[in-house]
Amino acid sequence: MLLPDKAGLAQLLRRYRTWEQLVLQEPHNPVRRRRLDDVAYTLCVLMGHRTAHDAIRAAESYLGRGPRGDRKLQARGILRTRRHNSSRKERT
């Protein structure tokens, strides 16, 4: 399977998040909804998934990112990485 360019994919994810926020601000605006749908469709095609949710998760994984909330929690030390947890289990 061919993999998308990481820079282009990161830009597409940013575009998706921007349109997502704009649709949340004005949910009945058909132009905003259509733009969000277009970006979601492109993500689905690039990542080979049927739903935008699955495509976004796959794109974030491919780019080496977790879901948005996980990064914030990891920065605060609330959520540990898998590698850290698995090494801790091995010691005991």
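# A tour from the H2–H3 loop

Start by selecting His-49, which lies in the loop between H2 and H3; helices (H or I, at least four residues) and strands (E, at least two) are DSSP runs, numbered from the N terminus. His-49 is partly exposed, its relative accessible area being 32%. On this scale buried is under 20% relative accessible area, exposed is over 50% and partly exposed is in between, with a 1.4 Å probe and protein chains only. Leaving aside residues up to four places away in sequence, His-49 touches Cys-44, Asp-54, Ala-55 and Ala-58, where contact means heavy atoms within 4.5 Å.

The model is predicted: local features need pLDDT of at least 70, side-chain atom pairs count only at pLDDT 80 or more, and totals for chains, interfaces and linings use all residues. Residues are numbered from 1 along each chain as its sequence is written, and side-chain values use heavy atoms, with hydrogens and water left out.

**Whole chain.** Zoom out and colour by pLDDT, the predictor's confidence in each residue, from 0 to 100. The mean for the protein is 80, and 70% of its residues reach 70 or more. The protein has 5 helices and 0 strands, in the order α-α-α-α-α from the N terminus. Of its 92 residues, 25% are buried. Among contacts with a separation of 6 or more, 49% join residues 24 or more positions apart.

**Helix H2.** Select residues 30-47. These 18 residues should span 26 Å at 1.5 Å a residue, and the end C-alpha atoms of H2 are 26 Å apart, which agrees; the expected span is 1.5 Å times one less than the number of residues. Show the side chains of Arg-32, Leu-36, Val-39, Ala-40, Leu-43, Cys-44 and Met-47, the buried residues of H2. Viewed down the axis of H2, they fall within an arc of 145 degrees, so they line one face of the helix; the arc is that of the directions from the helix axis to the C-beta atoms. Those buried residues pack against helix H1 (6-25) and helix H3 (52-62). Turned away from the buried side are the exposed residues Pro-30, Tyr-41 and Val-45.

**Helix H1.** Select residues 6-25. H1 has 20 residues and reaches 29 Å from first C-alpha to last, close to the 28 Å expected. Its buried residues are Leu-9, Ala-10, Leu-12, Leu-13, Tyr-16, Arg-17, Glu-20 and Val-23. Down the axis of H1 these lie within an arc of 160 degrees, so they line one face. Ala-7 and Gln-25 are exposed on the face turned away from that buried side.

**Helix H3.** Select Ile-56, in helix H3. Ile-56 is buried, with a relative accessible area of 8%. Beyond four places in sequence, Ile-56 touches Leu-13, Tyr-16, Arg-17 and Leu-43. Draw a distance from its C-alpha to that of Ala-40, 16 residues away along the chain: 8.5 Å. The buried residues of H3 are Ala-55, Ile-56, Ala-58, Ala-59 and Glu-60. After H3 comes Gly-64, with a positive phi near 80 degrees.

**Lys-6 and Tyr-62.** Select this pair next. The charged end of Lys-6 sits over the ring of Tyr-62, 5.0 Å from its centre; this requires NZ of Lys or CZ of Arg within 6 Å of the ring centre and within 35 degrees of the ring normal.

**Last stop.** Select residues 72-92, where pLDDT stays under 50 and the model has 7 contacts beyond four places in sequence. Where pLDDT is low, the predicted coordinates should not be read in detail.
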